[in-house]
Amino acid sequence: MSMVMSGGRRLSPASKAALGFFARYATIIGLLLMIAVFAFLSPRAFPTLSNFTNVLNQASLAMIIAGGLTLAVIVGELDLSIGFAASLHGVLVTGLIVANKLPIPLAIVIVIALGALIGLVNGLIVTKAKVNSVIATLGVGTILTGLAFAYSAGVPIVAGVPEAFLQLSLGRWLFGIPNNIIIMAVVLGGLWILVERTALGQEIQAVGGNPAAARLAGINVDRIKILGFVVSGMCAALTGILLASRLGSGTTSAADSYLLTAFAAVFLGSATMRDGEFHVLGTFVGVLIIAFGFNGLNIFGAPTFSQYIFQGAILIVAVGLASLGRMISES
Amino acid sequence: MLSSDTFVSATMKPFIVAENIAKAYGGVQALTGVSLSIAPGEVHGLVGANGAGKSTLIKVLAGLVQPDAGRIVVDDVPVSLPTPHHATNLGMSFIHQELAFIPGMNVLQNILLGVPKKTRFGMVDWQAAARDVAPIAERVGIKAPLFASVKGLSTAENWLINICRALVRNARLIVMDEPTASLSAAEAEKLFAIVEDLSASGVAVLYVSHRLDEIMRLCSRVSIFRDGRSVGCLEGAAITRPALIEAIVGGKVESLAAAARHPVARRDVALTVKALTRAPKVNSVCFELRRGEVLGIGGLVGAGRTELARLIYGADRPDSGVMTLDGAAFSPRNPTQAVKAGLGLVPEERRAEGLLITKSVAFNLQIANLANIVRSPAWPLIHRRKREALSLQIVRDLAVKTPNIDTPVGRLSGGNQQKVVIGRWLLRAPKVLILDEPTRGVDIGARSEIHRLVRELAARGMAVIVISSEPDELPDLCDRVLIMVEGRVVSTLEGEAITRNAVVEASYFVGGQPTQETTI
């Protein structure tokens, strides 16, 4: 992902500063601009508390899965299994509750533990068997899709989903704030503290920044990378559970599309406020941009295909901005 | 016999003459005026200690680096070499230590890389190309079929392919940089025969090597560089080992045997290393290191010193051998265990292996010391005031010049970056600290500060190992110096016997029985 300035030209300090500011704050400026434009074009429907709450509620699941992915990319790996894993987890949690009659909390704990296990497997394949993480997690993700079909025979589990499970996602148990938002805030807050404020977080950042230097400084690089995958796997599981609760069913491939959203958000986040470094707060902003974009497109009745174009374009712009930031900070 | 005139008795008109080439990198004068002339068909040796300017001159000739002063004349015509392409067009070919091939291509495609090829209907006619190349490949002795993949070929075979590549381009001068560094004795013999054959057919060879035996055997003339200057050119019978070493070192060399050894009784033994081996780079190395001692490891680049340090530090696993640390068995499986046991390493490649270049000074200082800056082991949040206080303390103690501790470490000068890497370990106070080339790329001021710091740490009882390729550095710094040659410790210098000249001479040690530590 490294780039060379065309022709090796030196930038003047002023233009470097301007470009650097642009690369760092373009995402936030873009987000505010987008909100302003939508508010101007649709002053009744868009800039309302209920619409904003709705957007945040909708975006919460993407934020959780993208937050987990952030840990994986900070330690320098990619986790492509998260979307498929979340789909499997959704099917599984419904199945455990409906077919196996397990208590809801137990089913949730089992599924999240399974998410951690999948992360562990990903991590072991990448660090011990030295398989490139793109290939390893793509392979594991595909296997998980197969398992989801095997478990449900491809038929959505709809009948008999208890109301209590639906309330997990749909309820507003605290101060009328949707549960999704509260769960998301707790997860992202926890991840932020982990990465930015704990000793472990320093090691996580060091491994992502320069694995060779981290190793010679005495950090157990493999263990940290595995941890990144485990966190990613657990967040995918949580997203799968909440999605099943929201949909009221366990459907194979229901969460697959979260993969692209999460990647777009994570890369947008790396271009936010820092020069191409992944971080949790950036990911949060990244998901907001995508969520408000979708919301705006919906309000104006834009056709479905435009959402794909929007998301693909966002991914490319995000990576471009992140590269620009890195290039400037390194020159 | 040492002639100061570089241009004596070129019986033939020289193919290339370089005169008074000067080059500075930043403030460092790499070349202050070197001259060289090479006749057609001549095998011309180029020797000098590490950092004498050999590589810089080669880069100038290759068009990779532009000289600040001086001129280059090819066939009596002054030329400029703004790009490698120009050097190639003038008939110069360069074979470097790390040979670069495109792995997905076959032998023939690699040989013809960048050469215009015959085409039929716009497609490359590989059969015709193979017919043209085959005789040349045969001449240099390439055994692999031209259409075979380059994957899995030996280093020796890679050299032959590179020589073939040079000949296909009608090279009149082939520059070989440490050609035998990774060849076996038999492969080296084959290479020598090819060099002689090239010479007989009128192709000149500039043979750059630390191995004086090869220089004496192959070269009709040898240019010697020291500290970026030409210090002479030896010819024919005048090319002897003592003459070469004297020219490389500058001044008479007192023999090692005469050097007095002062057995230094010191404090407890911190680290013992017995018969540590990892083929082929480290071979049965033994030594012991006492508290409060600064032990130097000298030798030429590639002698296995960094590899030895990595073994001790657990970054690589040894094939055999045992170590003890403070009397207890010590066999770290990875650096994490070594650090826990009380080791620290300041690696050779500061930017690649030492620092997180985009992270702050404080981050880089504390990364090996996180247990000391958390609120409590059970509540491992970073205590920011502790972090700041400890970082500031190191910055002050080591006089790190930085605007503040949150400045990205990449913005600091080389010397200050190095202080950060060293400072990281001070917070842990390791029992044994290994510094690999601690003052490379560091300015004079920072260099003496780092030296003072090393002595201070030893005075406080730390055991320190310093690896250095600069012969001047070890005498300043060390109580004892081991010299490594080709993976073995060949001699130990102590006290007054540690001189620049002794270090250099021992570094060129070849043959005979290596002297091992007798204290173990």
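How many helices and how many strands are there in chain B? Before I answer, please keep in mind that this is a predicted model. In chain B there are 17 helices and 24 strands.

Let me begin with the overall form of chain B, whose C-alpha atoms fill a box of roughly 75 × 60 × 45 Å when this is taken along the principal axes.

Turning now to one of the sheets, we have an open sheet of 4 strands in chain B, ordered β14-β13-β16-β17, with antiparallel pairing. The edges are held by β14 (282-290) and β17 (328-329) of chain B, each of which has a single partner strand, so one side of each is left without a neighbour in the sheet. Within this sheet, strand β13 (residues 269-278) of chain B is joined by 5 bridges to the antiparallel strand β16 (residues 320-325) of chain B, and among the residues concerned, B:T272 has B:T324 in β16(B) as its bridge partner.

Finally, the contact between the chains takes 18 residues from chain A and 22 residues from chain B. On the side of chain B that touches chain A, the elements giving two or more residues are α10 (335-341), α11 (350-354) and β20 (379-382) of chain B, and the residues of that side divide into 16 nonpolar, 3 polar and 3 charged.

Notes. Residues are numbered from 1 along each chain as its sequence is written. Chains are lettered from A and ligands numbered from 1 in the order in which they are written. This is a predicted model: local features need pLDDT of at least 70, side-chain atom pairs count only at pLDDT 80 or more; totals for chains, interfaces and linings use all residues. Two residues are in contact if their C-beta atoms, placed from the backbone, lie within 7 Å. Ala, Val, Leu, Ile, Met, Phe, Trp, Tyr, Cys and Pro count as nonpolar, Asp, Glu, Lys and Arg as charged, and the others, Gly among them, as polar. Two strands pair if DSSP finds at least two bridges between them.
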